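Student: Could we go through this protein together? I keep meeting terms and wondering how anyone decides that they apply.

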Amino acid sequence: MWSCARISSAVFTTAACSSPSPRAPHLSLASATAHVRSGTLRPEEAHHLFDQLLRQATPIPERSLNGFLSALARAPSSAACRDGPALAVALFNRASRADGPLVLSPTFHTYGILMDCCTRAHHPELTLAFFGQLLKIGLGVNTIIISNLLKGLCEAKRTDEALDILLHRMPELGCVPDVFSYCILLKSLCNDGKSGQGDELLRMMAERKAVCSPDVVAYTTVIDGFFKEGNVNKACDLFNDMVQQGISPNLMTYNSVVDALCKARAMDKAEAVLRQMVDKGVQPDNWTYNNLIYGYSSWGQWKEAVRVFKEMTSRGILPDVVTLNSLMASLCKHGKIKDARDVFDSMAMKGQKPDIFSYKIMLNGYATKGCLVDMADLFNLMLGDSIAPDIHIFSVLIKAYANRGMLDRATIIFNEMREQGVKPDVVSYYCLIQGFCIHGGLLKAKELALEMMTKGMHPDIVFFSSIINNLCKVGRVMDAQNIFDLTVSIGLHPNIMVYSTLMDGYCLVGKMEKALRVFDAMVSAGIQPDVVVYSTLVNGYCKVGRIDDGLSLFREILHEGMKPSTILYNIILHGLFQDGRTVAAMEMFHEMAESGISVDTNTYGIVLSGLFKNSCSDKAILLFKELRAMNAKIDIKTLNIMISGMFQTRRVEEAKDLFASISRSGLLPSVVTYSVMMTNLIKEGLVEEADDMFSSMENAGCDPNSRLLNHVVRELLEKREIVRAGTYLSKIDERNFSLEHSTTTLLIDLFSSKGICREHIRFLPAKYHFLADASPY
């Protein structure tokens, strides 16, 4: 580190000399400016320098002074000096107030630099003060000075005044606004969410071509503003206007457009912009491809993300850590953990070093997949890479171990985190508490909850509601009741959602009496039941076949003056159809429509499915035709029901026609759609058409799931299509899916001595040949 003494020794004579060298101030400031640019000038050293300069009779050269102040204005924050612009203003003010010979002779350039410093230091009021001082001493102004004033006013949120100066005062002062002056206002308006006004100012520029025309920066500023406000259409229109005006978009413009389109999920348009920029000779950079990869990743299109990544590298553009992290996140999200690890391991070869986000993505991926050994190994690798884990990394590990009942290990990690000086937050506590709640450690969960409270972190009822809900969904309603009791014991007050969730849990396991006790407890707690609570109980009655009790409660709702919801009607309709009361169900359906209750796609699905189930296929088909004639909203689930119903009633050609009409309806077939088509085509003996259907599904980018493949295998085996079944078994293996129990059982039965001849087993993948020996015969 250089010192004050070093400045003096380099510039000034010893104390015995009566006067410094005439070049001393010039040399002194030149040396100090060099240290500013290298980030090694400390504020105290700068003040000592000015002490030396102010004690000399020799004036400070304006060019040297301006160069020094300008360097401070643009100096980035460093360990030596955190705020160069503020230091520049402080030094100038000190010199201006100093007694003794006048050694400063600031010019209007000096004041321009100081005004810029004030804006950079976020002191817009000083910007205005310096401008007033400049006018007072009569040094004159120019466009640069006015631009600095405009920045100061915009920083002070006085944009209207800045606009008035730009349009009216600048001409009066003899200054001609340039594009830079306009861009200051455009940026301020867009930052304040006033891109519409920015657009008006931009068009005003275009109309005043004799004064100054908008350039690509001006257009890009407003385009980006519209995008940030979510006004994609206006942004795109302005982009097209710019091109029509003969102004070529630059890389920044294209990147802004691609970024916004990706965020708006308009990936096809973003790709089109990419092609356009390449055609125009503007080479995409990391940021361009990062936006596309992140866009595809965010919307679950990992295959497209990988394709863009490959295109990027084929163009010789080296991916950065952001690119690789986005790609890994997408792969992990879709269970492609091995592929994600390959990307992670390739970072070093691509000249990149994994950062803490890279490790977090991979650790979370391993945790989600349950690969805890790989997770632990990667965590140790991270420590060996000298990357200190943060609270988020620790939380991933704690949650992974806690969710799988490895509570001792989770607790060790939790304690290690504290020992390393990382304070637990609400999330890390929640991860551990949830683990103990799910795996029966309620006393420890309560202890942790109370510990949280002593540290000022208060667990809320929403968190415990989520645990209660998850337990109820898997039938562990008694455990859910224990968690409910825990919340009360630590002073929380269950809300109507928690009561409703617990009631639903009891309904799910058919314990209606206990559900009613929870209902009574809720009322005793002063909580008024709403239509959601009643719907929960009605649903419970219907599930256990007590339809009349459900209808009785439904009438009680009407008596209480509550308006039944669409969901409640759907529950009643489903219950009636399940009980075979088709006439009553249709009466309820018509009553629903006549009462003004919204009929949604779920309602249509329940009614159509119920009619098919109760052998009223003609009524179902007639209703469907009526719905289409009314342009009622129909979703893919409804069409799946109709296609299945058509096959059920042997209307095979009508089912095919209905499938063919899906794309004309603006919908896309789902995995369920393809499953319905393939399994029914196989049942009808149309196995080649089923194969074609599978190919079209893959071509459409719809990935088959385990359920579809297992179902197809079973149907083919039932038809004794052994070769084709072997093909689909191979597809199950390729995707790392598991055989369902019913599929395995059927295979063993077919290849037993009482089933198909054992020699046919050769048509199956080798890994399934053991099934012949697994037969009990």
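Predicted model: local features only at pLDDT ≥ 70, side-chain atom pairs only at ≥ 80, totals over all residues.

Tutor: Let's begin with "pocket": on a 1 Å grid over the protein atoms alone, a pocket is an open set of points with protein on both sides within 12 Å along at least five of seven lines, and its lining residues have an atom within 4 Å of a point. A volume is the space filled by probe spheres set on the points, with grid points joined across faces, edges and corners. Residues are numbered from 1 along each chain as its sequence is written, and side-chain values use heavy atoms, with hydrogens and water left out.

Student: Which residues of the lining lie nearest the centre of the largest pocket?

Tutor: Trp302, Lys303, His334, Lys336 and Asp703 do, out of 24 lining residues. At least two lining residues come from each of helix H17 (302-314), helix H19 (337-346) and helix H39 (687-699); a helix is a DSSP run of H or I with at least four residues, numbered from the N terminus.

Student: What makes a lining residue charged, polar or nonpolar?

Tutor: Asp, Glu, Lys and Arg count as charged; Ala, Val, Leu, Ile, Met, Phe, Trp, Tyr, Cys and Pro as nonpolar; and the others, Gly among them, as polar. Sorted that way, the lining of the largest pocket has 10 charged, seven polar and seven nonpolar residues. The second largest pocket, with a volume of about 410 Å³, has a lining of eight nonpolar, eight polar and three charged residues. Helix H28 gives the largest share of that lining, seven residues.

Student: Why is Gly295 called buried?

Tutor: Buried means under 20% relative accessible area, exposed over 50%, and partly exposed in between, using a 1.4 Å probe and protein chains only. Gly295 has 3% relative accessibility, so Gly295 counts as buried. You'll find Gly295 in helix H16 (residues 286-298). Leaving out residues up to four places away in sequence, Gly295 touches Cys262 and Met267, where contact means heavy atoms within 4.5 Å.

Student: And why is Asn631 called exposed?

Tutor: Asn631 has a relative accessible area of 68%, so Asn631 is exposed. Asn631 sits in the loop between helix H35 (617-629) and helix H36 (636-648).

Student: What is the phi of Asn631?

Tutor: Asn631 has a positive phi of about 55°, although it is not a glycine. Most residues other than glycine have a negative phi. Asn736 also has a positive phi, about 60°. At 70% relative accessibility, Asn736 counts as exposed too.

Student: What makes a set of residues a nonpolar core?

Tutor: The members are buried Ala, Val, Leu, Ile, Met, Phe, Trp, Tyr and Cys residues, joined through side-chain atoms within 4.5 Å. The largest nonpolar core has 248 residues, and Phe68, Ile433 and Phe464 touch the most other members. Helix H22 (residues 391-403) gives the most to this core, with nine residues. Phe68 is among the buried residues of H4. As for Phe464, its contacts include Ile433, Cys437 and Pro459, not counting residues up to four places away in sequence.

Student: How do you know that the span of H4 is close to the expected one?

Tutor: The expected span of a helix is 1.5 Å times one less than its number of residues. Helix H4 (residues 62-74) has 13 residues and reaches 18 Å from first C-alpha to last, close to the expected 18 Å.

Key:
1 Å grid on protein atoms, 1.4 Å probe; cavity = no way out; pocket = protein on both sides within 12 Å on 5 of 7 lines; lining within 4 Å.
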